[in-house]
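Subject: Structure handover

Hello,

Please find the structure below. My notes on it follow.

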Amino acid sequence: MRAASALETARRVRAGEIPADRPLEEALARAREADAGPRGIHAFLSLSDSGANSHPEPASGPPPNSDSRDAREPGSAADDGDPDLTLAGVPVAVKDNLCTLELPTTCASRFLEGYRSPYEATVVRRLRARGGRVVGKTNLDEFGMGSSTENSAFGPTRNPRDPSRVPGGSSGGSAAAVAAGVVPCALGSDTGGSVRQPAALCGVVGVKPTYGRVSRYGLVAFASSLDQVGTFGASVADAALLLEAISGHDPRDSTSAPLPAPDLMGHLDDGVAGKVVGIPVEYVPDSLDPEIRARMDEASRHLAEAGAEIRRVSLPHTRYAVPTYYVLATAEASSNLARYDGVRFGVRSPEARATQEVYEASRTRGFGPEVVRRIILGTFGLSAGYHDQYYGRAQRVRALIARDFRRVWADGVDVLLTPTSPTPAFPLGERSDDPVSMYLSDIFTVTANLAGIPAVSVPAGTTHGLPCGAQLLAPAWHEAPLLAAARTLEQSLGGGA
Amino acid sequence: MTGRAGGEKGTAAPAAAPSVAGVEWHPDPAGEMEAVIGLEIHVQLRTREKLFCADVPEFGVDPNTRVCPVCLGLPGALPVLNREAVELAMRAALGFGCTIHQRSVFERKNYFYPDLPKGYQISQFEEPLATGGLLEVRMGEDGQETFPVRIRRMHLEEDAGKSIHDRVPDRTAVDLNRTGTPLVEMVSEPDLRSPAQVRAYLDQVKRILEYLDVSDCNMEEGSLRVDANVSIRPRGSRELGTKTELKNLNSFSGVERALEVEIARQVALVRSGGQVTHETLLWDERRQTVRSMRSKEDSQDYRYFPDPDLPPVLVSPAWIQAARDALPELPEARRTRFVEAYSLPAYDAGVLTARRPLADFYEAVVRAHSDGDAKEVANWVMGPVLALANTRSREVEALGLEPEGLAELLALVSEGRVNRRAARTILERMVESGAGGAGTPEAIMEAEGLAQVSDDGRIQEWVHEVVAAHPDEVARFRSGERRLQGFFMGEVMKRSRGKADPGEVARILGARLKGV
């Protein structure tokens, strides 16, 4: 039996029709079943005790901040029946790079195996404050670095739609948990497509909000200027419900915008009548898989039938996006991952004596090959003599990519429609030895991160018998019309009850 | 470090050995070479909280007790800028005449070190908070000689933790209490030419920082730390020589001494035909020598880039103006005002304004002693009061002496109710008892019977006794040994146990010695 929708679960718990703990218990049972055995999908790295997270405000939180920086959580009281409990009893899967108190936070890295955070990520506190329950921590590519969830130190996750294939990544565990019906919604993080691409490959909805919309406090950083927590849902509504609960300003994150959480649920049925949907030519190249092209044509036809004007547009700097992304993301990662040095937490090589040995041995032993590759790339791109040629130039191109989008919005386009991924889910192991082909999985998704704009992947039928995702993008802070367009597409394809 | 031959004019000069402790400093007796010195000063700001988290920086508490996820660099933790630190840094920068930039940027300085938890230090690099200051430094006995030092930049950054090498045998312990404490790094242009100038500059910088009330300025606790860059060149040359960087300078006198030793080393090296190597040197205070820490060839590449966790720091013109308006009076201005308003000699004004609490104390006494003479107050503060502070190794404000108490004592003197000698006794009692407030001078005077005796009869009596007891001296005085007047004065005062009015004693004694 699949999870009931988050909306329905929360309604029934608030109304007292079912006990608040039951949806969590049922989700835990489904999770064990889905992950069990050699053909299990291995979505979770750890599972909660059913009793362990019934308290929305854990006793041992982070040290209190001063008044000026105090992070006030919405609705920290947890009386059932409270309309603020929009997630009452809803079981949520949480990507294992978000800090939680009860469960380890490993980032799927040997380095952090068994690491327990002394504080909880703002998004986790917020979903608990809304009545949500953490089912467990989901698998990912180590530190979010990958597009298949094969770069997990604890083994890959399988795609529930075809267990011989990858679920996409890096948030593959969360996508798989939703696709397998274990939970109605889940948290992921999206640095270059890590929510949208696995959503597309698993046939679920995945949203990356505007940079700054959701707090990054407690999200273990991969590339800080690109990382954003995102949500998965079995439907647009469930992804939106969870996003609304975790959004809004957080004084603990200087890059979180001083804006209240947007009203997403109230605008879900706004439709697309009168809106202009742009299709950027750079995203439907001649080389595009004809089946994916057919799905895109269908999607644009559905939007047109719903009253949107379809327009072909151009984002000329798109072809520089992947190299730009990899220069910037690896540069930031090389610095963000410097703290994993074996001195304070995580792996310390027992044979290391001198300081330099501690660093070398611990990092060699603790990091997987893709993480090492990216640290080396990023360190190189910031080095004296290469800094301007790589990091500096990439920053300039990033500004051009953001400008491309601004020009399109200024021309009256409301939403852009593109494929999410150039291919459907590929077989496990197919690209493991070919980093460049793996990096090209992100070709349609990295631009939203570089420009900081919101984007969503919605199921758009199948190609080659596997799920295909349509990506929609909107101007910064326009999540509400973005998700209304996503909902239109979803309904035209008969989904999202 | 043996250099290649080729120091043309070095051949004739004997290689002067680097000086050692106790030997007078003669790096270059012929005066052909001059030193070029620039300083980097790290000033810990006395904020309530750390730069990017809410921990309270404290010195001397148990290791690793003033830490949180942010300053520990735990996964997922993020920095949030402390506005108070920006405020104090702006005040400091304005105090040295710098221009505050409306936009400045925090960057990551990447390097591995056990006491640097994130593997990078958040600092400012390309776009610092402030640039382009100037300080006129006073030197010499009366401070009449001055020279300018340009301040290149002042920027905000976070402090690292401390590596402790002597606490756990064979291991290095790390204390992260200091991690994240806000620092202002103040970089001078290479405008200093001698260790003595450096000392004068440092004294003045410290004085200004204290006036600005932005830092504790305590070198022992590390709230003020100095690194020096030094090179030598032929006097009159405009070019800069290869510099070395001196670290581990733990006191102002250590800075001075280390520079003397290093300049002497460089001069000797060049004179013997060698070349200075660009390197970082550690000052060994105990052995009074420098040793190489690392050469610049294997120097670090810090891979600076803007910290994506922190948006640019934006300060409005209104905020800058408010900080400028709130600047306290600085030592130079106060010194000038003291000369003008209180008719003090430049020397007195310099001594009294050397520290802000001392100047505050002086002015409070002057205010409380409103009908008195400001110069007289200066004499008392600079004389007996400072002497008491020195013997107790305390600052004047920590003596327990209240300005009202001292003013009252001075009033007793000016009213002729106690003489100076008794007043000094009363002052000592006030400090000893720790009761230095108003009312105490008179109480002590009464209790100890120190009121001045101006009564003619009593003084006549003491004079008579002294004259009678010293017939020989009287005879010598009368035969012209006028300097014995002081001896008689002393004897009479002794008999009065210090209470006699010295003016009256002089008058009566004079008449008696002359008359009979």
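One convention first: an angle between axes counts as roughly parallel under 35 degrees, roughly antiparallel over 145, roughly perpendicular from 65 to 115, and oblique otherwise. Please also keep in mind that this is a predicted model.

Helix packing in chain B

Helix α1 (residues 83-95) of chain B packs against helix α2 (residues 195-212) of chain B at an angle of about 135°, and their axes are 10 Å apart. The pair α1(B) and α2(B) is therefore oblique. Their crossing is right-handed. On the α1(B) side the residues are Arg91(B), Ala92(B) and Gly95(B), which meet Ile208(B), Leu209(B) and Leu212(B) of α2(B). Sorted by class, this contact has 4 nonpolar, 1 polar and 1 charged residues.

Sheet in chain B

Chain B has an open sheet of 3 strands in the order β5-β4-β15, with antiparallel pairing. Because β5 (120-124) and β15 (305-306) of chain B each have a single partner strand, they stand at the edges, and one side of each is left without a neighbour in the sheet. Strand β4 (residues 106-110) of chain B is joined to β5(B) by 5 bridges, and the two run antiparallel. Opposite Lys109(B) stands Gln121(B), in β5(B).

Contact between the chains

In chain A, 39 residues are in contact with 28 residues of chain B. The elements giving two or more residues to this side of chain A are α8 (321-336) and α9 (355-366) of chain A. The largest share, 3 residues, comes from α8(A). By class, the residues on the side of chain A that touches chain B are 18 nonpolar, 13 polar and 8 charged.

Regards

Note on methods:
Residues numbered from 1 in each chain as written. Chains lettered and ligands numbered in written order. Predicted model: local features only at pLDDT ≥ 70, side-chain atom pairs only at ≥ 80, totals over all residues. Contact = placed C-beta atoms within 7 Å. Helix = DSSP H or I, 4+ residues; strand = E, 2+ residues; numbered from the N terminus. Nonpolar A, V, L, I, M, F, W, Y, C, P; charged D, E, K, R; others polar. Pairing = 2+ DSSP bridges. Axes fitted to C-alpha atoms, helices over the stretch in contact; angles between N-to-C directions. Left-handed = near helix turned anticlockwise from the far one by under 90°.
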